[in-house]
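Subject: Structure handover

Hello,

Here is the structure I said I would pass on. Please open it first; my notes follow below.

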Amino acid sequence: MADHLEPMSAAYNGTSPAFGGDPAFAGEGAVVLGRATLGSGAWLGPWSVIRADGHYVEIGDDFHLGAHATVHIAHDVYPTHIGNRVTAGQGAVIHACTVADGCVIEREAVILDGSRIGPGAVISAGSIVFPRSELEGGWLYSGSPAKPVARVTEPELAAYHQRIRNEGAKPQDDGGLQTSLDCFVAPSARVRGTVEVGEGVGIWYGCRLDAGGHRIVIGDGTNVQDNSLVTCEAGEVVIGPDVTIGHNVTLTDCVIESGSLVGIGSLIAPGTVVESDVLVAAGTQTEPGQRLTSGQVWAGRPARAIGAMDDRKRKMLALTLPTYRDYANRFRATPHHPLNVTDPS
C-alpha cells in the first residue's frame with residue numbers, strides 16, 4: 001500500500017458527485033460518493049465519508065466535516081440536506097436528516113433518520129438525536145436523546161464553529177491495507193492482521209480493522225459500515241453471519257451473533273456478547289463482559305434492555321442485508337478517481 005491514500009470520489013449507478021467548486025481541503029482517505037452535491041469551500045477531514053447511494057445528499061457552501069465523520073442517507077426513504085456553514089466534528093454522523101444553516105455537530109454526535117435541526121443549533125459531543133426529532137434552532141442540545149440545555153448567542157455559536165475547525169487535519173493511522181480478502185473492501189478501508197471473511201461480506205469506507213495478534217472473523221452476508229473500528233487487544237472479535245455493524249461503531253474483543261444489528265456510533269466493550277436477534281440502538285455503550293440477550297432491543301450507557309424485538313424490526317434488519325450487498329457490488333465495479341482540491345498557491 002502507498003504511504004498516503006489520496007482523497008477520492010466515485011459514481012453510484014452512473015451518477016457522480018457534483019461540486020460548486022473544488023474542496024478547500026480533502027484529507028487522506030476522504031471520499032465523496034454517488035448522488036452528492038456540495039457547495040463551494042468544503043473542508044473534508046482525513047477518512048471522512050460522504051456517501052449518497054440509495055438516496056441523494058445536498059450540502060451547501062462552507063461545509064466542514066471532521067476526520068472519520070460520516071454523512072449518509074437511509075436507502076430510498078430519507079435523503080440528507082445540509083445547509084450553509086455547517087460544522088461537523090471528528091467522528092460525527094449526519095444520517096438521513098435535515099441540518100439547517102449554521103449548525104454545529106460536535107465530535108461523535110449522531111443525528112438520525114428523519115430529524116430536522118433548526119438554524120444555528122449546536123449538538124454537543126457524543127449526543128444522539130433520535131429519529132424524526134424536530135430541534136429548534138439557536139439552542140445547545142445534549143444527551144441521548146439530545147435535549148435543549150441553553151440558548152446559544154451569536155458570539156457563542158461562532159466560537160463553537162471556530163473551536164472545531166481549529167482541530168484541523170490531525171495525523172491518522174492508516175493501519176495497512178490487506179487486499180487479499182475475498183469480499184468488498186472499500187478503497188479507503190484499512191485492514192491489518194488475520195481477518196477471515198465469509199461470502200458476501202462488505203467492509204466499507206474509512207473502516208479500520210486491526211486483529212493485532214488475534215483474529216477477526218466475519219460471517220457470510222455481514223456488512224461493516226463506514227468508519228467503524230474493529231480491534232483485537234486481548235482476544236478475538238467474532239461477528240456472525242447476516243449482521244449489520246452501523247457507521248462509526250467501535251468493537252473490541254467481543255462476539256456479535258447472527259442476525260443482529262449494532263447501531264450507529266455504538267461502543268461494544270471487551271468481552272461483550274451480543275446474542276442473535278438483537279437490535280443495539282444507536283449510541284449504545286456496553287460494559288466489559290456484558291451479555292445482550294436474544295430477542296431484545298438494547299440501548300443506553302450502559303446498555304439495558306428496553307423492549308422486545310418484533311416482526312417489523314426483524315424485517316428492517318433482514319432488508320438491510322441485500323440492500324448493502326447491492327451497494328457493495330455497485331461500488332466494487334465502479335472506478336474511483338482522485339478528488340480535485342483547490343490549489344492553495
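**What was found**

I239 is found in strand β27, which covers residues 237–239. This is a predicted model, and each value below is computed from it.

Is I239 buried or exposed? I239 has a relative accessibility of 2%; buried means under 20%, so I239 counts as buried. Leaving aside its neighbours within four places in sequence, I239 is in contact with V217, I218, G219, T222, I245, L251 and I256. As for G34, I239 and G34 are 205 residues apart along the chain, and their C-alpha atoms are separated by 29 Å.

R190 can be taken next. Its place is in strand β22, residues 190–197. What does the side chain of R190 reach? The backbone oxygen of S188, at 3.5 Å.

**The largest pocket**

The largest pocket has a volume of about 1,300 Å³. Its lining is made up of 41 residues, and those closest to the centre are D113, P131, L261, L279 and M316. By class, the lining of this pocket has 21 nonpolar, 13 polar and seven charged residues.

Which helices and strands each supply at least two residues of this lining? They are β31 (261–262), β34 (279–280), β36 (296–299), β37 (304–308) and α2 (311–332). Of these, α2 gives the most to the lining of the largest pocket, namely eight residues.

Three of the strands that supply this lining, β34, β36 and β37, can be followed through their pairing. β34 and β36 run in the parallel sense and pair over two bridges. Here L279, one of the residues closest to the centre of the largest pocket, stands opposite V297 in β36. β36 also pairs with β37, in the antiparallel sense and over four bridges. In that pairing, W298 stands opposite A305 in β37. β36 and β37 form a hairpin, with four residues between the two strands. G300 lies in the turn of this hairpin and has a positive phi of about 105°.

**The second largest pocket**

How much space lies in the second largest pocket? About 550 Å³. This pocket is lined by 28 residues; G91, E108, N227, N248 and T250 lie nearest its centre. The lining divides into eight nonpolar, 14 polar and six charged residues.

**The cavity**

Rolling a probe the size of a water molecule over the atoms shows where empty space is left. How many cavities of 30 Å³ or more does the structure hold? It holds one. The largest cavity has a volume of about 30 Å³. H64, G66, A67, Q90, I164, E167 and G168 line this cavity, and by class its lining has two nonpolar, four polar and one charged residues.

**To find your way around**

For a look at the model, these places can be visited in turn:

- I239 in β27, with its contacts, including V217 and I256.
- R190 in β22, with the backbone oxygen of S188 at 3.5 Å from its side chain.
- α2 (311–332), with eight residues in the lining of the largest pocket.
- The hairpin of β36 and β37, with G300 in the turn.
- N227 and N248, among the residues nearest the centre of the second largest pocket.
- The largest cavity, with H64 and E167 among its lining residues.

Regards

Methods: Residues are numbered from 1 along each chain as its sequence is written. This is a predicted model: local features need pLDDT of at least 70, side-chain atom pairs count only at pLDDT 80 or more; totals for chains, interfaces and linings use all residues. Side-chain values use heavy atoms; hydrogens and water are left out. On a 1 Å grid over the protein atoms alone, a cavity is a set of points where a 1.4 Å probe fits but cannot get out, and a pocket is an open set with protein on both sides within 12 Å along at least five of seven lines; lining residues have an atom within 4 Å of a point. Grid points are joined across faces, edges and corners, and a volume is the space filled by probe spheres set on the points. Ala, Val, Leu, Ile, Met, Phe, Trp, Tyr, Cys and Pro count as nonpolar, Asp, Glu, Lys and Arg as charged, and the others, Gly among them, as polar. A polar contact is a pair of N or O atoms within 3.5 Å; within protein, one must be able to donate a hydrogen and the other to accept it, and residues adjacent in sequence count only if both atoms are side-chain atoms. Buried means under 20% relative accessible area, exposed over 50%, partly exposed in between (1.4 Å probe, protein chains only). Contact means heavy atoms within 4.5 Å. Two strands pair if DSSP finds at least two bridges between them.
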